[in-house]
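Here are my notes on this model, point by point. Please read them with the structure open.

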Amino acid sequence: LTIFTRHVNEMLGVISDPDTERLPNDLLSANLIPYSVKDDLISTKHLSRYQKASKLLNEIERSLRDLNTPEILENLCLVLKKQKNQALKRMAGEMLKELGSIQDGFAFVSSRNLTTELKPPSNIFMRHMCEMLDVISDPDTERLPNDLSSANLIPYSVKDDLVSTKGLSRYQKASTLLNEIDRSLRLTKNPQILENFSKVLMKQENPHLSRIAQDMLKELDDRD
């Protein structure tokens, strides 16, 4: 906790920048924040970037206080090192050095506050979400919202919002789409949603999305 608090003010300033918009999804995928925090950031309107950054770091600080386990800070640093922002990469390196950690992969954090017992197919989707966000942010996937809407995987209102809302980055649009699929999977726990979603991805003529879709379909089959 002491290591974290030494860097928290600088992190707040940096995470408030636009180039860190993928951070909430990455923290969720690493089991560092619960769904409720990410959902609040999406649903609460008119929050400034600073307020969003503060919510994220307050959640990490709460976990560090409650659990007092270095794995949480290690995993946070590993998430920060994946961001494009060089200041975050530097801070992550400094905190890892202070921890004396050279761990390459995520440590598993077991906590009733941090981990969510995700049942298939939600956990399959979450394992691939960060990679999908990066790929769907590319220009060659612009037909995806229409295809998802045609397959009844997102409501018309979501597609219309993506068209009518000005100034959204490609990453923000990708995040909106995947958050809607994620929400449906968590609410219904219906594997058919993930199967249909995977089939839509395979129609996009993007080799990365096709590979991810095949991986998810295989994982769906393997659980039977």
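1. A residue counts as exposed when its relative accessible area is over 50%, and as buried when that area is under 20%. The model is predicted, and its local features are taken only where pLDDT is at least 70. Asn152 has a relative accessibility of 69%, so Asn152 is exposed. This residue belongs to the loop that connects α8 (144-150) with α9. Its backbone deserves a look: phi of Asn152 is positive, near 60°, and the residue is not glycine. For context, most residues other than glycine have a negative phi.

2. Glu205 sits in the loop between α11 and α12 (207-222). Is Glu205 buried or exposed? Its relative accessibility is 70%, so Glu205 counts as exposed.

3. Now the overall fold. The protein chain holds 12 helices and zero strands. Read from the N terminus, the order of elements is α-α-α-α-α-α-α-α-α-α-α-α. Of the 224 residues in the protein chain, 46% are buried. Take the contacts between residues at least 6 apart in sequence: 73% of them join residues at least 24 apart.

4. Next, one helix pair. Two packed helices are described by the angle between their axes and the distance between the axes. Helix α10 (residues 170-188) packs against helix α11 (residues 191-202) at about 155°, and the two axes lie 8 Å apart. Angles over 145 degrees count as roughly antiparallel, so α10 is roughly antiparallel to α11. From α10, the contact takes Leu178, Ile181, Ser184, Leu185 and Thr188; from α11, it takes Ile193, Leu194 and Phe197. By class, the residues of this contact are six nonpolar and two polar, with no charged residue.

5. Where is empty space left? Rolling a probe the size of a water molecule over the atoms shows this. The largest pocket has a volume of about 1100 Å³. Its lining counts 36 residues, and nearest the centre are Leu41, Ile42, Lys52, Ser175 and Thr176.

6. Which helix gives the largest share of the lining of the largest pocket? That helix is α10, with eight residues. The helices that each supply at least two residues of the lining are α2 (23-29), α3 (35-43), α4 (49-67), α9 (156-164) and α10. The contact of α10 with α11, by comparison, has no charged residue.

7. Leu28 is worth checking in helix α2. Its relative accessible area is 5%, so Leu28 is buried. Which residues does Leu28 touch, leaving aside those up to four places away in sequence? They are Ile33, Pro34, Tyr35, Lys38 and Met126. Met126 is 98 residues from Leu28 in sequence, yet their C-alpha atoms are 8.8 Å apart.

8. Last, Gln86, which lies in helix α6 (residues 86-99). Gln86 has a relative accessibility of 57%, so this residue counts as exposed. How far apart are the C-alpha atoms of Gln86 and Val14? The separation is 9.6 Å, for two residues 72 apart along the chain.

Definitions and conventions. Residues are numbered from 1 along each chain as its sequence is written. This is a predicted model: local features need pLDDT of at least 70, side-chain atom pairs count only at pLDDT 80 or more; totals for chains, interfaces and linings use all residues. Side-chain values use heavy atoms; hydrogens and water are left out. Axes are lines fitted to C-alpha atoms, for helices over the stretch in contact, and angles run from 0 to 180 degrees between N-to-C directions. Helices (H or I, at least four residues) and strands (E, at least two) are DSSP runs, numbered from the N terminus. Angles under 35 degrees count as roughly parallel, over 145 as roughly antiparallel, 65 to 115 as roughly perpendicular and the rest as oblique. Contact means heavy atoms within 4.5 Å. Ala, Val, Leu, Ile, Met, Phe, Trp, Tyr, Cys and Pro count as nonpolar, Asp, Glu, Lys and Arg as charged, and the others, Gly among them, as polar. On a 1 Å grid over the protein atoms alone, a cavity is a set of points where a 1.4 Å probe fits but cannot get out, and a pocket is an open set with protein on both sides within 12 Å along at least five of seven lines; lining residues have an atom within 4 Å of a point. Grid points are joined across faces, edges and corners, and a volume is the space filled by probe spheres set on the points. Buried means under 20% relative accessible area, exposed over 50%, partly exposed in between (1.4 Å probe, protein chains only).
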